[in-house]
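Here is a short walk through one model, taking helix packing, sheets, loops and chain symmetry in turn. Have the sequence and the 3D view open as you read.

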Protein chains: 2
Amino acid sequence: MSSSSPTPASSAHYDIVIVGAGPVGLLLSTCLARWGYKIKHIDNRPEPTRTGRADGIQPRSLDLLRNMGLKSAIMAHKPARVYEVAFWDPPSSGRGIERTGTWASCPDFIEARYPFTTLLHQGYIENVFISDLETNGVSIQRPWTITGFSSDVSQDPVYPVSVNLEHIDGSVKETVKAKYLFSGEGARSFVRQQLKIGVQHKDPIAYVWGVMDGVVRTDFPDIKMKCTIHSEHGSIMVIPREANMVRLYIQIASSTDEDWNPRKTATASDVQGKAKKILLPYSIEWESVEWFSVYPIGQGISDRYTLDERVFLGGDACHTHSPKAGQGMNTAFLDAQNLAWKIHAVEAGFAKRELLKTYEPERKSVAEMLLDFDNRYAKLFSERQPAASEVQAASENHGTEHAQNDNQFIKTFKESCEFTSGYGVYYKPNALNWSPDHPARSTHINPKGGRLQPGHLFTPSDVTRIVDANVVHLEQEVPLNGSFRIYVFAGDLSTTRKALRDLSDHLKSKRSFYTSYLRSDIDQVSHHEQHNPHSLFFTICTIFATKRSSIEISRDVPDTLARYRQHIYADDRPDRRFPESKSPAHTKMGLDEQRGGVVVVRPDGYVGVVTALVEGRGTIDALNQYFSSFCTNTFDDVMARM
Amino acid sequence: MSSSSPTPASSAHYDIVIVGAGPVGLLLSTCLARWGYKIKHIDNRPEPTRTGRADGIQPRSLDLLRNMGLKSAIMAHKPARVYEVAFWDPPSSGRGIERTGTWASCPDFIEARYPFTTLLHQGYIENVFISDLETNGVSIQRPWTITGFSSDVSQDPVYPVSVNLEHIDGSVKETVKAKYLFSGEGARSFVRQQLKIGVQHKDPIAYVWGVMDGVVRTDFPDIKMKCTIHSEHGSIMVIPREANMVRLYIQIASSTDEDWNPRKTATASDVQGKAKKILLPYSIEWESVEWFSVYPIGQGISDRYTLDERVFLGGDACHTHSPKAGQGMNTAFLDAQNLAWKIHAVEAGFAKRELLKTYEPERKSVAEMLLDFDNRYAKLFSERQPAASEVQAASENHGTEHAQNDNQFIKTFKESCEFTSGYGVYYKPNALNWSPDHPARSTHINPKGGRLQPGHLFTPSDVTRIVDANVVHLEQEVPLNGSFRIYVFAGDLSTTRKALRDLSDHLKSKRSFYTSYLRSDIDQVSHHEQHNPHSLFFTICTIFATKRSSIEISRDVPDTLARYRQHIYADDRPDRRFPESKSPAHTKMGLDEQRGGVVVVRPDGYVGVVTALVEGRGTIDALNQYFSSFCTNTFDDVMARM
């Protein structure tokens with residue numbers, strides 16, 4: 001992609017230098033490598049993670065990995081799956097512990113494809129990315145570290161970042177030029193420190209945690225479940241793992257302790273001894289220990305994620321919190337995904353450079369929500385145990401709306417589940433996410449009745465592909481490739497035939513958002529190309545509210561839409577959440593089964609804008625308005641009305 | 001497993017010699033290699049299949065591959081999936097062709113986990129098996145052929161088979177001794193010919209087929225569907241394939257033709273020219289051709305599958321038919337699976353040698369059904385096209401029972417779908433499959449109300465595993481490892497508590513079928529062993545008709561059953577076919593939600609017997625009776641009553 005730049009790229013010039021090969025650095029690197037960028041990726045460890053570290057993949061992260069084509073490689077390692085969390089506390093009378101409740105970790109009211117947490121050693125997860133990178137010619141340079149950097153766009157407008165790199169033994173040094181520098185270095189980020197970016201601690205309490213992975217023999221009945229155990233001897237969190245392993249987290253010290261010392265430590269046998277006591281009356285013996293570590297951690301959040309939109313931070317460099325939320329790797333993945341497509345959109349000439357200013361507010365707001373939920377969730381459980389009826393109400397209520405009669409407890413529980421599953425993560429209104437309050441001139445934007453919220457995830461739905469009758473997951477049909485996903489919900493053809501033809505015609509017009517970013521190699525594109533026949537930045541999916549057999553593409557679908565032959569669907573699959581609906585995908589999006597509507601989904605799967613599907617120029621004008629707010633070009637209607 | 005034999009195994013002694021490394025030979029080899037047998041496996045081709053040949057995996061075969069842990073390796077090749085079949089015929093007026101209907105290839109009334117046919121090049125499928133074999137130290141010796149063999153148990157009771165093998169260039173020869181010889185050589189089996197086993201032709205009509213794989217450019221709308229096309233210019237079958245390919249089958253000659261010549265041939269361009277004409281008014285151009293072949297084929301079925309239960313035949317060596325049914329590889333898989341576990345049961349000392357006599361009648365009867373269905377199905381469609389209402393009725397009726405008002409057409413269609421999907425394949429009553437008419441002494445055998453039929457597949461169902469709350473597919477929980485699967489449907493504990501304890505106690509008694517086949521290494525078995533802690537021939541699964549959270553294993557499950565900690569389940573998952581049932585697995589098996597019942601499933605997934613779950617000795621007696629009919633030992637009750 002650097003070919004469009006005026007400065008000739010040499011071996012010392014890169015599109016991006018990525019420091020750190022943990023989850024955040026690897027996901028960023030994997031995306032950008034697939035999209036053709038030149039990457040220098042270093043890590044200061046001599047080899048990938050071999051034991052320990054993060055291991056929880058939340059439900060929505062598994063969707064993301066599937067969208068990247070990496071899910072089956074992850075699942076091939078036979079990870080443990082957590083469907084429920086069990087709570088153990090001292091009994092009301094007597095000693096020891098008893099189970100006081102179990103909760104679905106991703107309850108039924110959340111429409112998740114994979115309603116469980118996937119537990120797998122971080123090393124396996126890293127290797128899936130590393131293998132993918134290798135197929136794109138990128139390898140991690142190890143063990144290398146960053147020793148300095150500068151960024152000055154006035155000195156070099158194309159490669160403004162200069163980075164000093166060094167082998168950790170100091171034997172070799174290298175200075176490279178880059179368009180971007182990314183720090184995925186973890187909590188003690190050198191880059192963050194050099195930029196003098198502060199870290200705020202929302203919860204002033206810090207902890208020392210002990211963590212141990214291994215194989216045990218125990219009669220504790222929930223050893224294959226995620227458990228939170230409180231006893232008179234202390235607290236433990238149990239996390240099942242692949243290959244009969246288990247992870248125990250044990251709180252060793254808290255800044256609320258009288259003798260608080262953040263350097264307090266413990267030996268493996270201290271931790272095992274403490275676990276033994278906490279689990280009484282159950283027994284536990286360690287057959288093997290794979291990993292053991294003691295580390296202090298507090299809730300922290302970086303003041304800034306970037307100062308100049310050239311040097312960025314992500315992952316633990318930006319936010320740290322207790323391991324209890326199980327969110328570290330998942331938040332890191334989403335930091336990287338958010339930044340990856342935006343860098344691509346800017347560098348490929350599609351979006352204005354200002355788009356990069358949305359990275360910090362979008363991701364920092366999520367980190368703040370994470371810390372906030374972490375606190376509220378912990379507080380919730382420390383106050384009281386929920387009644388069985390509350391658990392029932394919280395878990396089984398269908399639909400993501402919160403019922404009128406939910407009490408505060410149930411409400412917080414639901415929000416927490418949505419958030420920790422990943423489905424509740426959302427972005428606030430901005431140029432990309434057009435809320436109903438957006439001052440758009442078009443009245444066709446965000447029509448009434450819609451259930452999709454811009455900045456929130458596109459709701460999963462099953463549909464039938466017309467050309468081959470395959471039942472598919474609509475939200476997974478376009479891979480994470482940097483394309484916006486334009487879902488034309490076509491309703492009933494007898495109502496929308498003209499609206500579809502008008503949309504098709506106007507998309508083709510010279511000054512539409514769609515024709516402004518044609519592929520440079522459009523004449524060489526194979527007729528087999530499924531996703532990007534016209535533009536690398538758009539894929540159009542058309543979904544009819546009818547039975548598959550009633551649609552004949554050549555007769556019913558106008559040419560611009562018909563070119564995406566494998567993205568034409570019938571919304572005819574029964575859905576248990578909407579048993580009365582004949583077109584559940586339309587229904588769950590809140591789109592009329594007759595009139596349909598258009599949903600623009602960002603490359604990362606979050607809804608950008610919803611518009612009505614109308615005859616004439618209404619729909620194209622609305623779409624042109626939306627894209628003109630962040631694209632490099634201006635489009636037809638916008639000009640016409642100025 | 002040869003360690004128990006009196007003759008010392010040398011390098012020239014094998015448990016089995018397998019000739020042919022197509023689907024039937026490879027599946028047999030893979031099973032036996034996993035179970036520790038010493039295998040000589042040869043193939044006369046210098047390398048595995050590179051292009052062409054069979055490519056259709058039916059729904060039930062995908063279950064089997066999953067049960068072997070091989071499904072994900074198959075799906076990693078991104079096969080095409082066929083959900084529907086389209087029929088094209090000359091229009092009532094005018095020329096060319098028009099679509100006259102589409103049918104689900106595995107309609108909703110069939111309870112399939114994967115309601116589609118998987119289309120993938122045979123070479124990829126073979127390689128999945130070959131890789132698995134390599135992990136067990138077996139490699140295919142190529143290009144080698146068989147030149148002679150003899151089998152005489154009076155000469156050598158342990159290794160009665162002597163086999164002469166030769167490199168195809170004649171440069172090297174080898175004679176080996178074996179317990180068994182298996183011919184998976186295909187239609188022209190040398191072994192079958194040497195044994196002078198005849199082949200019967202059910203349908204006297206033979207055909208010459210042309211088949212072509214490649215990439216096309218066409219405006220024919222159903223090119224991604226399976227299609228049967230009849231036109232005035234001839235007939236074609238279209239099969240979509242992975243990687244944008246398509247396969248066309250074209251009938252080149254039929255023995256009903258006036259100028260019939262079984263050696264009639266055609267060039268690639270003849271076939272392409274014919275396809276062009278048949279598809280008019282649509283156009284078709286070939287961008288590449290991967291494979292092209294012309295071959296004569298008739299329906300044939302071997303008179304015998306074995307003469308002495310030492311030398312066996314399977315796959316195309318036993319049955320050939322037109323490619324239209326798409327059953328070749330699937331029937332081959334099931335031949336191999338049927339034989340594999342029986343050889344293992346006999347060689348490991350679990351079953352009487354007579355068990356091997358069930359291979360031929362079970363598998364030959366299925367081949368006869370296949371040929372019969374092939375004829376009836378073809379005839380059905382040549383007579384008339386079904387009305388839309390018939391298609392609807394045939395496809396959407398839930399449950400496998402045939403509705404009272406089904407007409408002959410719908411009935412035949414349903415049976416055909418069941419059969420071709422693999423779910424309708426069944427075995428007739430014999431020592432393994434105890435029909436309700438079985439002259440068993442126990443009145444607890446095959447209790448009234450049951451919906452499971454011995455000899456038919458165990459119905460798929462979802463349940464929740466107690467220890468980790470994972471939602472699992474019950475029928476997949478025990479891998480294909482040679483074990484019988486004993487499903488104790490435990491109903492309601494308040495009713496069955498004593499019956500469960502009695503069953504547990506009697507299973508442990510010295511003369512039960514269960515204790516008669518303990519593992520020889522039982523003292524060294526890890527407490528992590530999930531499937532076979534006591535015996536290599538049994539796994540016990542216990543399923544309660546209640547919510548997961550109400551079961552406490554240490555309190556509710558007697559010890560023999562509790563040892564299978566990871567095979568204890570709650571039947572608490574909603575099922576759209578039984579929306580009113582709180583315990584759909586019990587309901588769909590036809591077992592009382594209070595009283596439960598016991599289902600014995602053969603290692604290959606077919607139901608062997610169903611018994612009541614009663615207090616006292618009733619259940620154990622019934623089970624002892626069942627196993628005593630083919631096991632090497634006799635058991636307690638049988639002795640007691642003699």
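In chain A of this predicted model, helix α1 (residues 23-34) packs against helix α4 (residues 122-135) at an angle of about 20°, with the axes 9 Å apart. Helices here are DSSP runs of H or I with at least four residues, strands are E runs of at least two, and both are numbered from the N terminus. The axes are lines fitted to C-alpha atoms, for helices over the stretch in contact, and angles between N-to-C directions run from 0 to 180 degrees. That angle makes α1(A) roughly parallel to α4(A); the word covers angles under 35 degrees, with over 145 counting as roughly antiparallel, 65 to 115 as roughly perpendicular and the rest as oblique.

The crossing of α1(A) and α4(A) is left-handed, a label used if the near helix is turned anticlockwise from the far one by less than a right angle, with right-handed for clockwise. On the α1(A) side the contact uses A:P23, A:L26, A:L27, A:S29, A:T30, A:A33 and A:R34, and these meet A:Q122, A:E126, A:F129, A:I130, A:D132 and A:L133 of α4(A). Contact means heavy atoms within 4.5 Å. By class, that contact divides into seven nonpolar, three polar and three charged residues. Nonpolar takes in Ala, Val, Leu, Ile, Met, Phe, Trp, Tyr, Cys and Pro; charged is Asp, Glu, Lys and Arg; the others, Gly among them, are polar.

Over in chain B, helix α1 (residues 23-34) packs with helix α7 (residues 328-347) at about 30°, axes 8 Å apart. These two, α1(B) and α7(B), are therefore roughly parallel as well, and α1(B) passes α7(B) in a right-handed crossing. From α1(B) come B:P23, B:V24, B:L27, B:L28, B:C31 and B:L32, while α7(B) brings B:M329, B:A332, B:F333, B:D335, B:A336, B:Q337, B:L339, B:A340 and B:I343. The tally for α1(B) with α7(B) is 13 nonpolar, one polar and one charged.

Now for the sheets. Chain A has an open, antiparallel sheet of three strands in the order β11-β17-β19. Its edges are β11 (199-200) and β19 (319-320), each with a single partner strand, so one side of each has no neighbour in the sheet. Chain B has an open sheet of three strands too, in the order β3-β7-β4 and again antiparallel. There β3 (56-57) and β4 (80-82) stand at the edges with a single partner each, so one side of each is left without a neighbour in the sheet. Strands count as paired if DSSP finds at least two bridges between them.

| Strand pair | Bridges | Facing residues |
|---|---|---|
| β17(A), β19(A) | two | A:G300, A:T320 |
| β4(B), β7(B) | three | B:A80, B:L119 |
| β20(A), β21(A) | three | A:D462, A:H473 |
| β20(A), β24(A) | two | A:R465, A:Y569 |

Strand β20 of chain A spans residues 462-465 and β21 spans 471-473, and their hairpin has five residues between the strands, with A:A469 at a positive phi near 60°.

Some loops deserve a look. Where are the cis peptide bonds? One joins A:L280 and A:P281, with omega about 15°, and A:P281 sits in the loop between α6 (268-279) and β16 (284-298) of chain A. Another joins B:R142 and B:P143, with omega about -25°; B:P143 is in the loop between α4 (122-135) and β8 (144-151) of chain B. A:A243 has a positive phi near 55° although it isn't glycine, and belongs to the loop between β14 (234-240) and β15 (245-254) of chain A.

Finally, the chains together. Chain B can be laid on chain A with an RMSD of 0.0 Å by a turn of 180° and a shift of 0.0 Å along the axis, superposing by least squares on C-alpha atoms of residues with pLDDT of at least 70 in both. The two copies are thus related as by a two-fold rotation axis. The same surface serves both, as 100% of the contact residues of chain B recur in chain A.A note on conventions: residues are numbered from 1 along each chain as its sequence is written, and chains are lettered from A and ligands numbered from 1 in the order in which they are written. Local features need pLDDT of at least 70, side-chain atom pairs count only at pLDDT 80 or more, totals for chains, interfaces and linings use all residues, and side-chain values use heavy atoms, with hydrogens and water left out.
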